[in-house]
Amino acid sequence: MFKKLYISLALFCTSLQITMADLKDDIIPSTSTESVLGWTWWDNILDDVLAYVRDSIFGLLAMIAIWVFLYIGFKLIIARWNPEEFKKALNTLIYAVIGIFVVSFAFAAVRLVAGLNI
């Protein structure tokens, strides 16, 4: 169990597209300690970290979805046409697909509301 978790975490960390130079540029403030709006450099770092989390969360969700479908496929193979186990695995598959559509719809709704200029 821990080996699978470690491999999943290692694959996620290697899939991140950030370099140490980019991280250094984001952490170290430029020439001044205040930005144009009067915020301190700490707020800029916080904004950068939150933007990074926002941009990378969908990669994590995609990896979780792939693992769920692999797990469901494994459960279908293990069922060996046993009607009860096969029904449980198919129900899990239906829940996973519905969950993906709900998350996608919620993301689209949030983007739509955020894009309104009222």
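A salt bridge is counted here where a side-chain nitrogen of Lys or Arg lies within 4 Å of a carboxyl oxygen of Asp or Glu. By this rule there is one salt bridge to visit on the tour.

The model is predicted, so local features need pLDDT of at least 70 and side-chain atom pairs count only at pLDDT 80 or more, whereas totals for chains, interfaces and linings use all residues. Residues are numbered from 1 along each chain as its sequence is written, and side-chain values use heavy atoms, with hydrogens and water left out.

**Stop 1: the whole chain**

Select the protein chain and colour by secondary structure. Helices (H or I, at least four residues) and strands (E, at least two) are DSSP runs, numbered from the N terminus.

Next, display the surface. Its accessible area is about 10300 Å², and carbon and sulfur atoms account for 72% of that; such areas come from the Shrake-Rupley method with a 1.4 Å probe, and for residues only the protein chains shown count as cover. Of the 118 residues in the chain, 8% are buried. Buried means under 20% relative accessible area, exposed over 50%, and partly exposed in between (1.4 Å probe, protein chains only).

A contact requires heavy atoms within 4.5 Å. Among contacts between residues at least 6 apart in sequence, 47% join residues at least 24 apart.

**Stop 2: the nonpolar patch**

Select Val 49, Tyr 52, Val 53, Ile 57, Phe 58, Leu 60, Leu 61, Ile 64, Val 68, Val 103 and Phe 107, which make a nonpolar surface patch of about 860 Å². Patches are made of residues with over 30% relative accessible area and no salt bridge; like charges are joined within 9 Å, and nonpolar side chains (Val, Leu, Ile, Met, Phe, Trp, Tyr) within 5 Å.

Helix 3 (41-79) and helix 4 (83-115) each supply at least two of the patch residues. Helix 3 gives the most, with nine residues. Centre the view on Phe 58, which is found in helix 3; Phe 58 counts as partly exposed because its relative accessibility is 37%.

**Stop 3: the loop between helix 3 and helix 4**

Move to Arg 80, in the loop between helix 3 and helix 4. Phi of Arg 80 is near 50 degrees, a positive value in a residue other than glycine. With a relative accessible area of 70%, Arg 80 is exposed.

Trp 81 is placed in the loop between helix 3 and helix 4. Phi of Trp 81 is near 65 degrees, again a positive value in a residue other than glycine. Trp 81 counts as exposed, at 72% relative accessibility.

**Stop 4: the aromatic pair**

Rings of Phe, Tyr and Trp (its six-membered ring) pair if their centres lie within 6.5 Å; planes under 30 degrees apart count as stacked, over 60 as edge-to-face and the rest as tilted. The count under this rule is one aromatic pair. Select Trp 81 together with Phe 86: the two form a stacked pair, 5.0 Å centre to centre, with 25 degrees between the planes. Phe 86 is partly exposed, at 24% relative accessibility.

**Stop 5: the salt bridge**

Finally, select Lys 88 and Glu 85, whose side chains meet in a salt bridge at 3.9 Å, N to O. Both residues lie in helix 4, three residues apart, about one turn of the helix. Lys 88 is exposed, with a relative accessible area of 53%, while Glu 85 counts as partly exposed at 32% relative accessibility.
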